[in-house]
Amino acid sequence: MPPAIGGGLAGSELRPRRGRCAPQAARAVGRDTVPQVAARSLKRPAWSSWRFETAGRWATLAVVTLLSFVTRFHRLDQPAHVCWDETHFGKMGSYYINHTFFFDVHPPLGKMLIGLAGYLSGYDGTFLFQKPGDSYQHHNYMGMRGFCAFLGSWLIPFAYLTVLDLSKSFPAALLTAALLTFDTGCLTLSQYILLDPILMFFIMAAMLSMVKYNSCADRPFSAPWWFWLSLTGISLAGALGVKFVGLFIILQVGLNTISDLWHLFGDLSLSLVTVGKHLTARILCLIVLPLVLYVTIFALHIMVLNKSGPGDGFFSSAFQARLSGNSLHNASIPEHLAYGSVITVKNLRMAIGYLHSHRHLYPEGIGALQQQVTTYLHKDYNNLWIIKKHNTNSDPLDPSFPVEFVRHGDIVRLEHKETTRNLHSHYHEAPLTRKHYQVTGYGINGTGDSNDFWRIEVVNRKFGNRIKVLRSRIRFIHLVTGCVLGSSGKILPKWGWEQLEVTCTPYLKETANSIWNIEDHINPKLPNISLDVLQPSFSEIFLESHMVMIRGNNGLKPKDNELTSKPWHWPINYQGLRFSGANDTDLRVYLLGNPVSIPVLNA
Amino acid sequence: MGSHWAGLEETLGALPSLLFCKMLRFLKRPLVVTADINLNLVALTGLGLLTRLWQLSYPRAVVFDEVYYGQYISFYMKRIFFLDDSGPPFGHMLLALGGYLGGFDGNFLWNRIGAEYSSNVPVWSLRLLPALAGALSVPVSYQIVLELHFSHCTAMGAALLMLIENALITQSRLMLLESLLIFFNLLAVLSYLKFFNSQKHSPFSPHWWLWLMLTGVSCSCAVGIKYMGIFTYLLVVSIAAVHAWNLIGDQTLSNICVFGHLIARAVALLVIPVFLYLLFFYVHLMLLYRSGPHDQIMSSAFQASLEGGLARITQGQPLEVAFGSQVTLRNVFGKPLPCWLHSHKNTYPMIYENGRGSSHQQQVTCYPFKDINNWWIIKDPGRHQLVVNNPPRPVRHGDIVQLVHGMTTRLLNTHDVAAPLSPHSQEVSCYIDYNISMPAQNLWKLDIVNRESSQDTWKTILSEVRFVHVNTSAVLKLSGAHLPDWGFRQLEVVGEKSRGHHESMVWNVEEHRYGKSQEQKERELELHSPTQVDISRNLSFMARFSELQWKMLTLKNEDSEHKYSSTPLEWVTLDTNIAYWLHPRTSAQIHLLGNIVIWTSASLATVAYTLLFFWYLLRRRRSICDLPEDAWSHWVLAGALCTGGWAINYLPFFLMERMLFLYHYLPALTFQILLLPIILQHVSDHLCRCGHNEP
C-alpha cells in the first residue's frame with residue numbers, strides 16, 4: 001500500500017504543475033523581475049535606467065490613453081440626430097430623469113448611468129427619442145454621448161495593461177492597443193448613447209483586475225491583492241448590471257478562480273486554514289460583494305422610478321400600486337374579498353388583461369350561441385363582475401345581512417355586472433384552442449344553471465383562507481367539468497373584437513395563464529384600507545422584475561423571415577449594420593475577453 | 001450438449017485467440033466440449049423474456065403513441081413518403097420490420113387511442129422487437145456491472161432492478177421506441193467496456209476489434225432511433241477520448257502503435273456511425289418512393305423525385321425556362337407555409353388601418369394553394385410577344401426580365417412605397433397606370449443562386465433564383481406575415497432593400513410550360529423542344545438526405561399542450577404519469593408509472609456518488625488516499641458512465657422547449673439504476689470495513 005500512496009502522491013503533485021506550466025512560467029517571470037528590479041534599484045547606475053523605463057511606460061500609457069480619447073471624442077456631436085438604438089437607451093435615460101417607470105429586458109445600471117450623465121450635463125429629459133433620425137435640435141445630448149465615449153475610451157488603456165501584464169511584452173501590448181483604437185466597430189459603438197460601451201468598460205475592467213490580482217498571487221492578502229480582488233467583484237457587478245451578457249465574464253472569472261483555488265488546495269505547504277481564508281476572501285469579494293451591489297442597483301432603480309409610465313402593464317397589480325399616477329396608487333379598497341363585492345379579475349400573466357364580457361354572442365358554429373367572455377387589456381365597465389354565493393340569489397348588499405368573506409374552496413358564481421349573466425362553461429370546444437372548453441356568459445339576472453358554479457382556490461395561501469385583494473393568487477375551477485378558467489393569450493377574430501380568448505382548460509397545470517388576482521374591489525359594507533398596506537416587499541419586487549425580464553428576453557426571438565446576423569458572421573465581419581442613414585458604418589463585436597491575449601501569448 | 005458456442009457468451013472474448021491451440025489439442029485428445037454456462041445470465045435472460053413477452057398481444061387495441069408509430073409503419077408497408085420530425089428513421093424501420101415479418105399490409109386506420117385492432121394487424125410481431133430489446137437489456141446491464149469490475153452479486157442486483165422496474169416493462173411491451181433506444185445505449189456502453197478491458201492484454205485481437213466496431217454500430221443505432229441517442233454517443237466518445245489521451249501519454253508504446261490505436265478508434269467511433277446514419281436514410285428513401293401526405297413540406301425537386309404527386313405534373317415539362325415561358329414560382333424557404341407567388345384583381349387598400357397610405361395597385365401575395373392566379377409569364381423587356389420563340393431563347397443568370405401575371409397581364413412591380421405589414425421594406429404590386437406620375441418600375445434582374453457558372457440557364461425546379469429589382473436593387477421576398485382580410489389572409493410579399501441573404505428571398509420554378517397561345521406554332525415548338533431531363537435522377541442521394549434531414553430538424557410543430565406532458569423536475573420526484581390505455585368496458589388501464597422505491601433510491605445513489613466523489617477528490621488533492629489506486633480508477637469509471645450517463649441523458653431536457661413526457665426520462669433512469677448496486681457494494685467494501693477494522 002505505501003508505495004501506491006506514494007505514487008499517488010507524486011502523481012497528484014506533478015500533474016497540476018505539468019498541466020499549468022504556461023501560467024506558472026508567466027508567473028515565474030513576474031516573480032523574477034520584481035526582485036531584480038528591486039535589486040537593481042539599490043544600485044546607483046541601474047537606478048536611472050529603471051527610472052527611465054518607468055517613465056517610458058507611463059508615457060506610453062498616457063499616449064495610448066490620449067489617443068483613445070481623441071479618436072472617441074472626435075466629432076462626437078455628429079450626427080446631431082438619433083442614431084439606431086439611441087432611440088431606446090436615450091429614451092430610457094430620460095425616463096430616469098423624469099422618474100417614469102418603464103420596462104426593459106436588460107438590468108438597469110447602464111440606463112441609470114446614461115440618465116445620470118444626462119442629468120449632470122443639464123439635459124432635462126424632455127426630448128422624445130421617438131425614432132432614429134429625429135434631430136436633437138436644442139436638446140443637450142452631448143453629456144450622454146460624452147459619457148459613453150468616456151467609458152468606451154478606457155477600454156484601450158485597460159486592454160493595453162491587461163496584455164502587458166499577461167505577456168510582459170511591450171510590442172504586444174502596443175499592438176493590442178493599436179488594433180482596438182483603430183477598430184471601426186469598437187470606435188462606432190463607443191460614440192453613441194448605447195449600453196455596449198458601458199458593458200465593454202466593465203468587462204474589460206473585470207478582466208484587467210483579474211489579471212492584476214493573479215499577478216499579486218505571490219503576496220496574498222496584501223493591500224494591492226485585496227484592492228484588485230474587490231475591484232474585480234465591483235466590475236463584475238457592473239457588467240451584470242448593464243446586460244445579462246455580463247454573465248459570461250462572470251463565468252470566466254469564476255473558472256479562473258476555481259482553478260486558482262484548486263491549485264492552492266493542492267499546495268501541501270499551505271494549511272487548511274490558509275486555504276479557507278483564500279476561499280472566504282474570494283467568496284466575499286467575488287460573490288457577496290457583487291450581489292450586494294447588484295441588489296443595490298435594483299433598489300436604486302425602483303426608488304428612482306416612482307411614477308407610472310409605459311412599463312406598468314408588464315407588472316402585477318400589487319407592483320403597480322407603488323407607482324404614483326397609476327390608478328391603483330393611493331387607492332383605498334376593502335382588503336378581503338366578500339360576497340356581493342364588485343370586482344375586476346386580472347390574469348397573472350403579463351399582457352393578458354382583465355376578465356371581460358360584453359353583449360355580443362359567439363357567432364354561429366363556434367360553440368354554443370351564448371355571450372362572449374374574453375380578456376381585455378384596458379379598464380372598462382364591462383370588466384366588472386359581482387361575486388355571489390352559488391345557491392342564493394338574494395342581494396348580499398342588503399344591510400340586514402352580515403358581511404361574509406369568500407374563503408378558499410368556496411363555491412361561487414360570478415355575475416357580469418352590466419349584462420347580469422353568469423360566468424359559465426360547458427363541454428363545447430373553445431373557439432381557438434380546440435382542446436379546451438368554451439367559456440360564456442349565461443343566464444338572466446343571475447339565474448342560470450349548475451354550469452355557472454366555480455370553486456375558488458387560493459394558490460399562495462400565505463394570508464390564511466380569506467382572499468386578499470391584489471396579493472392572493474386565485475384559480476377558478478369549474479365544478480361540473482373540473483376544468484380551470486384561463487386565458488390562452490390568442491387573439492380572437494373580428495367577431496371577438498380582437499380581444500383575447502378565455503377558455504376553461506381541462507389540464508390542471510399551474511401556469512400563469514390560469515391564475516388570476518382581484519384588482520378593483522368595491523363593497524360599501526367593508527372598511528376601505530390604503531393599498532400601501534398591500535405593497536410587496538423589496539425582495540418580491542426584485543424577484544418579480546427578474547421574472548418579467550427573463551420572460552421578456554425569451555420573447556425576443558427573431559421571426560422566421562427576418563434578416564439577422566448569426567454568431568459565426570461576427571468574427572469574419574460578414575455584414576455591417578446600418579446605424580443611421582447618414583452613417584454607414586461597420587459594426588464588429590469584438591470579443592474582449594481572452595482572445596486579445598491569445599495571439600500575444602503565442603508570440 | 002448443444003453447439004460448441006452455446007452459452008459461451010461469457011468466454012467469448014478469449015475464444016478466437018485460443019481457437020488455434022484448441023484445434024491442435026483436438027488432434028491429440030478425444031473430443032471434449034466444455035461449456036461455461038453462466039446460469040445467472042441464462043436465468044436473467046429467461047426472466048426478461050418472460051416479463052416482456054408474456055401476453056404481448058394484450059390489449060388488442062391502439063395504446064398511446066402506437067397511434068403515431070403505427071401510422072408510420074403503415075406508410076412503410078405502403079411505401080409512401082412521410083416526414084416525422086421526432087427522430088431519424090431507423091427506429092421506425094425496426095418497428096416496420098416487425099410488421100413486415102408479421103405480414104402486415106398496412107391497412108389500418110390509426111386515428112384514435114383505444115381503437116380495436118382489426119384481424120389483419122399482427123399485433124404480436126409488431127410489438128416483438130421492442131419487447132425483445134427490453135428483455136435483452138436485463139442481461140446486458142448484468143454484464144456492464146461485471147465489466148466495471150464489480151461483483152456478481154452487484155451485477156445481479158442491477159439486472160434484477162432493471163427486470164422489475166415497471167416503467168421499463170410497460171414501455172417495452174408496446175410499439176414504442178424507448179426500449180430499443182435503451183437497449184442500444186446499454187449495448188454501446190457494454191461493448192466499449194469489453195473493448196476497454198481487452199485493451200490491456202490483447203490489443204488488436206479479433207475480439208478487441210469486434211467490441212470496438214460494435215460500440216460504433218450500437219451508438220449509431222441509438223442515434224438512428226431517436227436524436228436522444230446522441231447523448232449516450234457523446235458520453236462514450238468523450239470517455240474514449242480521455243482514454244485515448246492517456247494512451248498518447250503512454251511512453252511505453254511506439255509512435256506507430258499509438259497512431260494505429262487512434263486510427264482504429266476514429267474509424268470505429270466516428271466514421272462508422274456517420275456511415276451507418278447515412279445508410280439508415282438511404283434505406284429509408286429507397287423504401288419510400290411514393291408521394292404522400294407530407295410532400296408539400298419538401299422542395300419541388302424533392303417532390304418531383306417521388307412517384308405520383310408533383311412528378312406526374314412535372315414529368316415531361318421543358319427543363320430550361322425561356323422568354324415566354326409560363327411558370328409558377330414557389331418560395332424556397334416556405335415558412336410559415338409553402339406557397340407560390342400570386343396576384344389577383346384586388347388592389348391594396350388606399351389607406352391602411354394604421355393610417356399609412358399605399359399605391360392602391362394590384363396586390364401581389366404568396367398563396368399556399370395551387371391556383372390559376374399563380375401563373376406568371378417570363379417576358380423579355382425588349383419585345384412585346386408573350387410566346388416562346390423558335391428556337392426557345394433560354395433565360396440566363398443576369399438577364400433582365402419582366403414578370404407578367406398570366407390572368408391579369410399586369411407586370412410585377414416594386415417601388416418606394418412601404419409594404420403593408422413590413423414598412424421597412426418596399427411594396428410589391430402588379431402595376432396599374434393611374435397616370436399620377438408614378439412610373440412603372442418592372443424590370444428584374446435574374447440572379448441564380450445555385451449557379452455553377454455565370455452563363456447558367458434558368459432550369460425548372462432545379463434552379464434557385466432571386467429577383468433583384470433593377471431600379472432600387474430590392475429583392476423579392478416572402479415576409480412571412482399574413483395580410484389582413486383585405487388580402488384574404490394570404491402571405492405578404494415585399495421588396496427587401498437591405499443586403500444579406502435569406503432563403504425567403506429565393507424562388508424556384510415548379511410548374512412550367514412554354515407559352516403556346518399561338519396554336520399554329522405548336523408543332524414547330526414540339527420539333528424544337530429542348531432536351532427533357534428526368535429530374536429525379538438529377539437529385540443525388542446526398543441532396544435528398546440533406547434536405548430531408550434539414551426539414552426534420554427545422555420543422556416546427558404547433559405548440560400544443562398535452563394532458564400528460566410534464567417537466568423534467570417532475571420526473572425525478574415521480575410527480576407525473578401517463579395514462580396509456582383504458583379498457584372501454586372494464587376500466588382496466590395501462591399507466592406508465594415508475595417504481596417509487598427504485599426511483600428514490602436510485603436518485604439517492606446519484607447524490608451519494610457525487611458527494612463521495614468530491615470528498616475523495618478533495619482528500620486526494622491533500623494527498624490522503626482513501627481508496628487504493630485500482631479501486632479509485634474503477635470508482636471513477638463507474639461514476640463517469642453511470643452518473644455521467646444519467647446527467648447527459650437528463651440535464652439537456654431542462655433547455656428544451658418542446659413538449660416532454662415521463663418516458664423521456666427512462667434512458668437516464670437506466671444509468672441511475674446501474675449505479676445503485678454499485679454504490680451499495682462500494683459502501684460495504686470500503687466504508688463499512690473501515691469501521692470494522694478500527695477497534
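A residue counts as buried when its relative accessible area is under 20%. By that criterion, 50% of the 603 residues of chain A are buried. The structure is a predicted model, and this briefing takes up its two chains, A and B, through overall figures, helix contacts, one helix of chain B and one strand of chain A.

**Overall composition**

- Chain A contains 15 helices and 14 strands.
- Chain B contains 20 helices and 14 strands.
- Of the 695 residues of chain B, 52% are buried.
- In chain A, 72% of the contacts with a separation of 6 or more are between residues 24 or more positions apart.
- The corresponding share in chain B is 75%, again among contacts with a separation of 6 or more.

**Strand β4 of chain A and its partners**

- Strand β4 of chain A covers residues 371-376, and five of its six residues are buried, so the strand is largely enclosed by the rest of the structure.
- Strand β3 of chain A (residues 354-361) is joined to β4(A) by five bridges, and the two run antiparallel.
- Within that pairing, Thr375(A) of β4(A) has Leu355(A) opposite it.
- Strand β8 of chain A (residues 437-442) is linked to β4(A) by two bridges, also in an antiparallel arrangement.
- Here Gln371(A) has Gly441(A) of β8(A) as its bridge partner.
- Strand β12 of chain A (residues 500-505) likewise pairs with β4(A) through two bridges and runs antiparallel to it.
- In this pairing, Leu500(A) of β12(A) stands opposite Thr375(A).

**Helices α9 and α11 of chain A**

- Helix α9 (residues 196-215) and helix α11 (residues 247-266) of chain A have axes that come within 10 Å and cross at roughly 10 degrees.
- Angles under 35 degrees count as roughly parallel, and α9(A) and α11(A) are therefore roughly parallel to each other.
- On the α9(A) side, the contact is made by Ile203(A), Ala206(A), Met207(A), Met210(A), Tyr213(A) and Asn214(A).
- On the α11(A) side, the residues they meet are Ile249(A), Gln252(A), Val253(A), Asn256(A), Thr257(A) and Asp260(A).
- By class, the residues of this contact between α9(A) and α11(A) are seven nonpolar, four polar and one charged.

**Helices α2 and α6 of chain B**

- In chain B, the axes of helix α2 (residues 39-53) and helix α6 (residues 152-164) come within 11 Å and cross at roughly 5 degrees.
- The helices α2(B) and α6(B) are therefore roughly parallel to each other.
- From α2(B), the residues in contact are Asn40(B), Leu44(B), Leu47(B), Gly48(B), Thr51(B) and Arg52(B).
- From α6(B), they are His152(B), Met156(B), Ala159(B), Leu160(B), Met162(B) and Leu163(B).
- The contact of α2(B) with α6(B) comprises seven nonpolar, four polar and one charged residues.

**Helix α16 of chain B**

- Helix α16 of chain B (residues 541-554) has 14 residues, which at 1.5 Å a residue should span 20 Å; its end C-alpha atoms are 20 Å apart, in agreement with that expectation.
- The buried residues of α16(B) are Arg544(B), Phe545(B), Glu547(B), Leu548(B), Gln549(B), Lys551(B), Met552(B) and Thr554(B).
- Among the elements covering these buried residues of α16(B) are α11 (255-287) and α12 (300-304) of chain B.

How values were computed:
Residues are numbered from 1 along each chain as its sequence is written. Chains are lettered from A and ligands numbered from 1 in the order in which they are written. This is a predicted model: local features need pLDDT of at least 70, side-chain atom pairs count only at pLDDT 80 or more; totals for chains, interfaces and linings use all residues. Side-chain values use heavy atoms; hydrogens and water are left out. Axes are lines fitted to C-alpha atoms, for helices over the stretch in contact, and angles run from 0 to 180 degrees between N-to-C directions. Helices (H or I, at least four residues) and strands (E, at least two) are DSSP runs, numbered from the N terminus. Angles under 35 degrees count as roughly parallel, over 145 as roughly antiparallel, 65 to 115 as roughly perpendicular and the rest as oblique. Contact means heavy atoms within 4.5 Å. Ala, Val, Leu, Ile, Met, Phe, Trp, Tyr, Cys and Pro count as nonpolar, Asp, Glu, Lys and Arg as charged, and the others, Gly among them, as polar. The expected span of a helix is 1.5 Å times one less than its number of residues. Buried means under 20% relative accessible area, exposed over 50%, partly exposed in between (1.4 Å probe, protein chains only). Two strands pair if DSSP finds at least two bridges between them.
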